[in-house]
Amino acid sequence: MAAHRKPRQRSLGGHTVRTAATLALAGAAGATAFEGAGIAAPQATPAQVKAKVDKLYQEAEAATEKYNGAQEKATATERRLKGLQDEAARRELRLNTAREALGNMAAAQYRGGGLDPAMQLFLSDDPDAYLDGAAFAERAGDRQSGAVARVREQVREVEQLRGAARVELTSLKKRQAELRRHKKTITGKLDAARDLLSRLTARDRAKFDDEETGGGTGPRASRDSAGARDALPAVGSATAKAPNSRAAEAVSYAYSKLGSPYVWGATGPNAFDCSGLVLASYRSAGVALPRTTYAQIDAGRRVSRSELRPGDLVFFYSGITHVGIYVGDGKMIHAPNPSAPVRVAPLDEMPFAGATRVV
């Protein structure tokens, strides 16, 4: 009777293993592709990109104004610190001179005071001369006491100055840390905006740039656009309607800077941020303004929108984070953002927050 044999299992050959592995990998790849397709974010439209970029620019400008304010305070602190250090150095020099004089006086007293005064009188060849000298020495002692008191007062003054300098140095370091924080925020926002813009097609990016720089028939303007210049009130007309000569000079300066690039933290003469343009324009007219938008709005008399005249400062957004110079006909000159140069724009381009007449 034949023995029943268990059929032998065939091992997987190299070809079979490779085929199975290929199928497995293909399946995994297909699953991954399927899952990726399921979670892939839809491509943002040019309008959505523009909205996001505009928001990032607004946030960056708010941070820029905080940076400008911190920079202004840091500069003032540096000036105070230097003044204290200079005064402390002068006082210390006078203190050292007084100490030296006091030391010389003490040495002279030591050399002449080896014997008891009664013994010196007993041994003296001329008692009357000695008594006269003793009276002089007593007066000299009074002067020495006064000199000691003055030295003590000078030491106290120098220590007070040094203490004040230490306080200012601590404040300066705090301001510098604040500057670094704001700078990081600004660069982060601007980098994010550049990243979004880099995703646009060449055609959409050209359209975006055209709108930002005032090309085409849009309302924005730069000095490189003839159509934009036609939309801008004539400089003579604007300055003639200004409330005074200094406001007219500020408007004239703003006209001369049309087309200049936006650079955050810049106050001219070749690049500006929004408050920097306002600062430089009025500086040219001999008027000193604060550095930041939220300080500039309080630098003069508030006026309503219906009262606006060329040279008035116009502010935007609830946080007072943007400013321009009114030039008439419902328009202003301002430094918008890193994608656009100094240009003319309608007041309705941004949420109006108020206006100030500074002169």
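Two strands are said to pair if DSSP finds at least two bridges between them, and the helices (H or I, at least four residues) and strands (E, at least two) named below are DSSP runs, numbered from the N terminus. This is a predicted model, in which local features need pLDDT of at least 70 and side-chain atom pairs count only at pLDDT 80 or more, while totals for chains, interfaces and linings use all residues. Residues are numbered from 1 along each chain as its sequence is written, and side-chain values use heavy atoms, with hydrogens and water left out.

**Paired strands**

- Strand β3, residues 322-328, and strand β4, residues 331-334, pair in the antiparallel sense over three bridges, and Gly-328 has Lys-331 in β4 as its bridge partner.
- The two strands β3 and β4 form a hairpin with two residues between them.
- Strand β4 also pairs in the antiparallel sense with strand β5, residues 343-346, over four bridges, and here Lys-331 stands opposite Pro-346 in β5.

**Backbone features in loops**

- Asp-329, in the loop between β3 and β4, has a positive phi of about 55 degrees although it is not a glycine.
- Asp-329 is exposed, with a relative accessible area of 57%, where exposed means over 50%, buried under 20% and partly exposed in between, using a 1.4 Å probe and protein chains only.
- Tyr-317, in the loop between β2 (313-316) and β3, likewise is not a glycine and has a positive phi, of about 70 degrees, but Tyr-317 counts as buried at 18% relative accessibility.
- The peptide bond from Gly-268 to Pro-269 is cis, with omega near 5 degrees, and Pro-269 is found in the loop between α8 (245-256) and α9 (274-283).

**The second largest pocket**

- A pocket is found on a 1 Å grid over the protein atoms alone, as an open set of points where a 1.4 Å probe fits, with protein on both sides within 12 Å along at least five of seven lines, and its lining residues have an atom within 4 Å of a point.
- The second largest pocket has a volume of about 260 Å³, a volume being the space filled by probe spheres set on the grid points, which are joined across faces, edges and corners.
- This pocket is lined by 16 residues, of which Asp-54, Tyr-317, Pro-336, Asn-337 and Met-350 are the closest to its centre.
- Helix α2, residues 46-112, gives the most to the lining of this pocket, with six residues.
- The lining has four nonpolar, four polar and eight charged residues, where Ala, Val, Leu, Ile, Met, Phe, Trp, Tyr, Cys and Pro count as nonpolar, Asp, Glu, Lys and Arg as charged, and the others, Gly among them, as polar.
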